[in-house]
Every structure is written in structure tokens, then in C-alpha cells.
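Keep the sequence and the 3D view open as you read.

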Amino acid sequence: MNTQFWVIQAFNGISYGALLFLVGSGLSLIFGVMRIVNLAHGSYFLLGGYIAISVIAGTGSWALSIPVAALGVAIVGLLMERVFLRPLGFDPLRQVLLTVGFAFLFQQAALDIWGGNNMDINPASELSTSVVIGGIYFPAYRMFMIGLALLIGVGLWLAMEKTRMGAMVRATVDDAQMARGVGIDTNRISMFIFALGAFLAAVGGVIGGAFLGVYPGLDFEMLPLAFAVVIIGGMGSLGGAAIGALLVGLADNFGKALFPEISYFTLYAPMALILAVKPTGLFGRE
Amino acid sequence: MSNQQVKNLAVIAVLILIAVIVPRSGSFVVLLATRALTFAILAMSLDILLGFTGLASLGQAAYFGIGAYLTAILASKFHFGLGWDFWLVTVLGMFAGAALAAFFGLFAIRASGVYFLMITLALGQCVWGLAYRWNSLTGGDNGINLTGGRPQFGLDLSNEVTWFYLVLAFFTAALILLYVLVRSPFGRSLAGIRERELRMQILGYNTWLHKYIAFIIAGAFGGLAGVLWAHTNGHVSPETVVLTTSVDALLMVVLGGAGTLVGGAIGAAIVFGLREYLSTLVPWWQYVLGGVYVLTILYLPSGLMGIPARVRQWWTQQGKDKEPEKLASVPSS
């Protein structure tokens, strides 16, 4: 265990955290605005990966597959929110239970369309190289992941803090009733945020597909990790999601490397503890 | 006869019918029914939380898992629980489930609503993580095979029909115990907490303690279901404690009707029926399962058990304006 071990593990953890940020930030925003836990969020991740595989098979362009998959899944999310979740009104538990049903439906649909084999997404060849810094090899693809997550994170942050729409979203997160009272159309906000969350999860699915693979069951593997991000960071908070993703990414990597027998335990036990002590998460708003 | 007596008689009649018909319907149906009955116990244990206390748990598989792993580890490593001591294992399994719930409850009971859902999910994932990674104890991804077979003590439990009868007996016992529990003053206080916790607090109830005890009882019955599952399946793996098992249990309760006990059993029968019977007939069975589930949430918030009430309501209220219906068992915030 020399410096090299720590540097590589930390780098892997941070890049994994970048991926988790894409999945977790959407889940967090959806929770903040609608007060529901979207249990189909892992399915958006999986569907994103699968759609990207089809796009790559059809056009051969990896770069094109990211926006197509993200927009496609965003439309799926939009329809789900409009047609099924919205008519239930404000009844979080029923809405949560409904998202479970959709997770199962998406699972079956994915199995029917893309089959049960483990598939891979091959990114553009420029990204499959490595960069050598100080004698340590850093895969360019993982650097790209970190860069993309930073870009999206900063973009989201600017949108939330500097635009009128962002202010309306923040108002809805803080107090939906009050927001409605001052004339904010929270109905439209929740539609927009749900689609955005699905969009981000699908981007994560395409990006993550290159090193996790795309296979049935990935949806319910990603879901608890996304939860961990949201819970540690605090629900409805973008900065919290970023810090949560970083912590979960590092905890996951170091846990697996240092204490493999209890690695998942070291990830989920702190999550349960944080929830018990501060249900709104470390950086959540009261 | 009161309404309740009629319902009880109907449940008894159905149980007798199951006992008579299933063993005559071939080995596949016997296996299916045994599995469904095992999960029915798990679903009923969850119903104590979801239906009667208003706590939606997404971690019920943890207690199921600890019962199953305890049985498998004792049987495969110590050859314990394969004779008369099987009864001791069932008690141990319930204790293990209760003890785990007593520990987890300290964290979980503080939360309510969606937060409770998430904290139980996190706790369930802790158990799954240990089962998946703690190779030396749990066999990791491969799990544990119960190579010793089922217990033998005068009864030959390796016979599927005998085993089915034993599981049915356990199910019936669990149903009676839980029925008595929910009709007891304690059960009534749980319903009070479900309807309005603040009011119960003002009336002087220690609602935290009531919820904590309900959580422990649910854990104990989850553990029992796990013990039976280990012997039904002959194999225990992280699949037993994975998130989807908890989700399945939740689905069964909601499908059948939360707050009715037998609803969970009906849900278990439907889920297993669709999953294992329909899947041999058509490849798109999961659409049916998912579709049935989505439609139930949208149009039958009180589950399949709510159909008679809906029909009666429709019968008597025809022409009048219908009251908007809410999921009866769940607090709206």
C-alpha cells in the first residue's frame, strides 16, 4: 500500500462519484420538488444504457448516443409523470408504490427488446487511452467522466441559482404550498424536474455503461447507490448530491479495496446512521 | 352472524379448500403453493407495519434473510436443526428476526413516511451487503446449499406434500396470532397511530414504543418466513435479501389490500401464480404482473380485498356523487 495505491483508488473513487452524481442529483431534485422517492430511477439509468447501445449499433456514433438516449428517457419520464403520477395528486406513498410497478415493467421491456446478455458500450477511441502523470496511468475515459459531471454540475448549479426557473424550483423545494400561493406553477415545475431527473440518469447510464456494462438487474443495483448519494447529501440539494456522490464513490472504492468482506456494509451503515440522526441528510434543508 | 364472523368463516373455508385441493393438483402446484405460503407469512408481517401501523418498510427482506441464513448456516455447518431441533431453529429464527428488528428499530422508528421507507431500505442493504460479501460465513454470491435436506423427525419432510402441510400449518398459526394481535387493544392503538399519531400522543400513548414493538413483531414473523423459505428452497443466496425481495413483499401487500392480513396472502398467491405459472405459458408475464400492480394502485387503492366494499358502495350509492377515495391505510402526508 504505497502512495500509488492511494492515488489510483482515490482517482477511481472520484470518477465513480462523478457517475453517481449524475444519477443521484436527479433523484434528489425529484424528491425535493415532489416529495416522492422514484424507485424507477435505476430503470432510467438502465434504459439510457440500452438505448445508447441501439443508437451505436444503428449509427456507429457514440457521441450521438448520449443525447439521444438522454432525451428518449426524459420523454419516458415525462409521460410517466404526466399520465400516471400526476393524477394521483399529492399522495406520496401511492406515487412511490406506482414507481415500483414501472420499475418492473421497464425491466421486462428491456429484457424483451435487448435480451438478457451483458452488453458493453465502447466509447470513442480517443477516450480509451491513458494519460501518464508522475508514473501513474490515468484512463482518459475516467477523466472524461469527471469532466462531464463537473460540467453538468456547474450548469445545473448556474441554472438553479441564476435563472428565474431555478428560483421557482428552489421555492418549490422549500415550501411547495407557499410557492403555489405566490403563483408558481408547481405542477409544471414537477413535470420539468421529473424529466430532467430521467435525463440525467440516462446520461449516467450511457457513461457508466462503458465500465459497468449494461445488463438486466443493473437497475436495482444502481438504485440503492443513488439513494445513498441522496441521503448522505441531503434531499433536494444539488451541492449535497455532489458531496454525497463523492463520499459514496470513495467509500465504495476504498471499502472494496481495504475491507472486501464488509464493503457494502461500510457503505450502507453510515447511510442508515445519517438518516436516523438527521433525516434530511447532511446538507439538506430543514 | 356478524359481518366479521362471515369473513372469518370464509377464510377458514378457503384454508380447508387449499389443504384439500393443492395436494391433489400435482407436484408443481404443491411447490408453488408452498412458496406462496412462505411469502404470505412475510407479506403479513409487512402488513403489520404498512397496513396497521402506517409504516411503509422497504427492508422486510432483512428479517426474512436472517431467518433463512440462520437456518442454512446451522444446518450446513453444525448439522443443527435437521431433527427435532428444527422446532428450536424456528424459534431461534423468530428470535433472530426480532433481535435484528429491535436493533434496526432504534434507528428506523424515529423516521416516518418516505424517510422511514428510505431508512429501512438502507438497513436492508446493510444486511444484503453482509450476505453478499461475507464469504466465510454466508458463502458470498454462491450462497449456501442445504445439502442435509429437510428435517426428519418421525415426519418425512423431504416429501413435498408433508412439507406443504407443515408450511400451511405455520401459515395458519401466523395468521391466527397476527389476527389476535391486530384485534387486541395494542393492535387498536397501532391503528390509532396510523390514523393520527399526534392525537394518540396527546391521549398519552407512547407512540414510539408502540411502533417499536410492532416493528419487532413484524421482524419475528419475517424471521419465521425465512426459516421456512430456507427449507422450501433448499438454497439460500443474497437473492433472498436483495432489495427486490422487499419490493416483492410490499407489492404483495398492496396488491391484496393493506390492513387486511389475508390480503398479503392473496397478493403472494397472485405474484407467485403469475410469476411461476404464467411464465411457463407466455414470455410476457411480467407485463401482466406490472400492469395488474399499476392498475391496482391507480384504481383500487385498497387492493383486491377492497373490491367487495367497492361493489357494495357502488350498489348503495348509485346515482349519488362518489366520494374520492384514498388509500385507507396510509396517512396522507
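At what angle do helix H2 and helix H10 of chain B pack, and how far apart are their axes? The answer comes under the second heading.

## About the model

This is a predicted model: local features need pLDDT of at least 70, side-chain atom pairs count only at pLDDT 80 or more, and totals for chains, interfaces and linings use all residues. Residues are numbered from 1 along each chain as its sequence is written, while chains are lettered from A and ligands numbered from 1 in the order in which they are written.

## Two helices of chain B

Two packed helices are described by the angle between their axes and the distance between the axes. Helix H2 (residues 27–53) and helix H10 (residues 207–233) of chain B pack at about 170°, and their axes are 9 Å apart. Axes are lines fitted to C-alpha atoms, for helices over the stretch in contact, and angles run from 0 to 180 degrees between N-to-C directions. H2(B) and H10(B) are therefore roughly antiparallel. Angles over 145 degrees count as roughly antiparallel, under 35 as roughly parallel, 65 to 115 as roughly perpendicular and the rest as oblique. Helices (H or I, at least four residues) and strands (E, at least two) are DSSP runs, numbered from the N terminus.

Among the residues that make this contact are B:Ile41, B:Leu42 and B:Leu49 of H2(B), and B:Phe215, B:Phe221 and B:Trp229 of H10(B). Two residues are in contact if their C-beta atoms, placed from the backbone, lie within 7 Å. By class, the contact has 15 nonpolar, six polar and two charged residues. Ala, Val, Leu, Ile, Met, Phe, Trp, Tyr, Cys and Pro count as nonpolar, Asp, Glu, Lys and Arg as charged, and the others, Gly among them, as polar.

## The two chains

Chain A has 11 helices and two strands. Its elements run α-α-α-α-β-β-α-α-α-α-α-α-α from the N terminus on. The radius of gyration of chain A is 19 Å, close to the 19 Å from the globule rule for 286 residues, so chain A is as compact as a globular protein of that length. This radius is taken over C-alpha atoms, and the globule rule is 2.2 Å times the number of residues to the power 0.38. Of the 286 residues in chain A, 52% are buried. A residue is buried if 20 or more other C-beta atoms lie within 10 Å of its own, exposed if 12 or fewer, and partly exposed in between; C-beta atoms are placed from the backbone.

Chain B has 14 helices and four strands. The radius of gyration of chain B is 20 Å, close to the 20 Å that the rule gives for 333 residues, so chain B is as compact as a globular protein of that length. Buried residues make up 50% of the 333 in chain B. Its C-alpha atoms fill a box of roughly 65 × 45 × 40 Å, taken along the principal axes.

## Where the chains meet

B:Leu130 sits in helix H5 of chain B. B:Leu130 is buried, with 24 other C-beta atoms within 10 Å. Leaving out residues up to four places away in sequence, B:Leu130 touches A:Ile262 and A:Phe265.

## Core and loops

In soluble globular proteins, nonpolar side chains tend to be buried together. The largest nonpolar core here has 204 residues, and A:Val73, A:Ala202, B:Ala43 and B:Ala122 touch the most other members. A nonpolar core is a set of buried Ala, Val, Leu, Ile, Met, Phe, Trp, Tyr and Cys residues joined through C-beta atoms within 7 Å.

Is A:Asn117 buried or exposed? A:Asn117 is exposed, with 9 other C-beta atoms within 10 Å. A:Asn117 lies in the loop between helix H4 (92–114) and strand S1 (130–133) of chain A. B:Leu261 lies in the loop between H11 and helix H12 (262–281) of chain B. B:Leu261 counts as buried, with 25 C-beta neighbours inside 10 Å. B:Leu261 has a positive phi of about 60°, although it is not a glycine.
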